[in-house]
Amino acid sequence: MNELLSKLIADWQLLHSIELVATVLAIAYVLLALKQSIWCWPAALLSTLLFTHVMWDSALLSDALLHLYYAGMALYGWWRWQQLKQQPGQAHTVFEWAWQRHLLLISLTAMGGLALGYLMANYTRADFAYLDAQTTAFSLVATWLVAKKLLSNWLYWVVIDAVSIFIYAQKHLYFLTALFMLYTIIAVVGYFAWRSHYQLQLTLHSKTL
């Protein structure tokens, strides 16, 4: 009995240690992305793989699959940024889309979120089914936008993180609430940092014409 209890305590400590390391790496990913460092992607890959293990061990299979998607996007992001790095003058290039393209993307993502929310509301015991489904759908898209180095990805994250703060606070998950408050602040800073760089790009481009 004592051996079993000791093993359970050891397993619990190991799982929470992995969760802590994954969280630190996730914060490192966001900060490195803010600085446009390609090393944000290895941090993201390690973080998502560790979170996949935590979610799978906790029987949160949907979350585990979601983090596997993030791991795939980390590999794509590394490849995409590496391609830009190899092009002269493109290593720190920031891109942006017209508002019409964003509107189309937001509409399609929202519809996907509604479909996911319907499934969660009717076939699972999920709380905040529709709201949580929207944050999931938009998180998938926003991660892709980071890999594309699109300026507006930060605005997507500001909204996603703010909604996540509300959900986690309502569920009394105060550590996650505080973490996503930090993410929101970083996303705001990231937007203004990338916008400043983007505006400088436009100025330099206009001078070369």
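Leaving aside its neighbours within four places in sequence, with which residues is Gln 36 in contact? In this predicted model, where contact means heavy atoms within 4.5 Å, Gln 36 is in contact with Trp 81, His 92, Thr 93, Val 94, Lys 149, Trp 194 and His 197. Gln 36 is placed in the loop between α1 (2-34) and α2 (40-57), and it counts as buried because its relative accessibility is 8%, buried being under 20% relative accessible area, exposed over 50% and partly exposed in between, with a 1.4 Å probe and protein chains only.

Residues are numbered from 1 along each chain as its sequence is written. Because the model is predicted, local features need pLDDT of at least 70 and side-chain atom pairs count only at pLDDT 80 or more, whereas totals for chains, interfaces and linings use all residues, and side-chain values use heavy atoms, with hydrogens and water left out.

The chain has seven helices and zero strands, in the pattern α-α-α-α-α-α-α along the sequence; helices (H or I, at least four residues) and strands (E, at least two) are DSSP runs, numbered from the N terminus. Of the 209 residues, 37% count as buried, and among contacts between residues at least 6 apart in sequence, 68% join residues at least 24 apart. The accessible surface of the chain, from the Shrake-Rupley method with a 1.4 Å probe, comes to about 12600 Å², of which 71% belongs to carbon and sulfur atoms.

An unreviewed UniProt entry places the feature "transmembrane region" at residues 12-32, 39-58, 64-81, 102-121 and 175-194, although such annotations may be inferred rather than shown by experiment. In the model, residues 64-81 are 100% helix and 0% strand, with end C-alpha atoms 26 Å apart, while residues 175-194 are likewise 100% helix and 0% strand, with end C-alpha atoms 28 Å apart.

The second largest pocket has a volume of about 200 Å³, where a pocket is an open set of points on a 1 Å grid over the protein atoms alone, with protein on both sides within 12 Å along at least five of seven lines, and lining residues have an atom within 4 Å of a point. Of the 13 residues that line this pocket, Ile 106, Phe 138, Leu 155, Tyr 156 and Val 159 are the closest to its centre. The elements giving two or more residues to the lining are α4 (99-123), α5 (129-147) and α6 (153-170), and α6 gives the most, with five residues. The lining divides into nine nonpolar, four polar and no charged residues, with Ala, Val, Leu, Ile, Met, Phe, Trp, Tyr, Cys and Pro counted as nonpolar, Asp, Glu, Lys and Arg as charged, and the others, Gly among them, as polar.

Conventions
On a 1 Å grid over the protein atoms alone, a cavity is a set of points where a 1.4 Å probe fits but cannot get out, and a pocket is an open set with protein on both sides within 12 Å along at least five of seven lines; lining residues have an atom within 4 Å of a point. Grid points are joined across faces, edges and corners, and a volume is the space filled by probe spheres set on the points.
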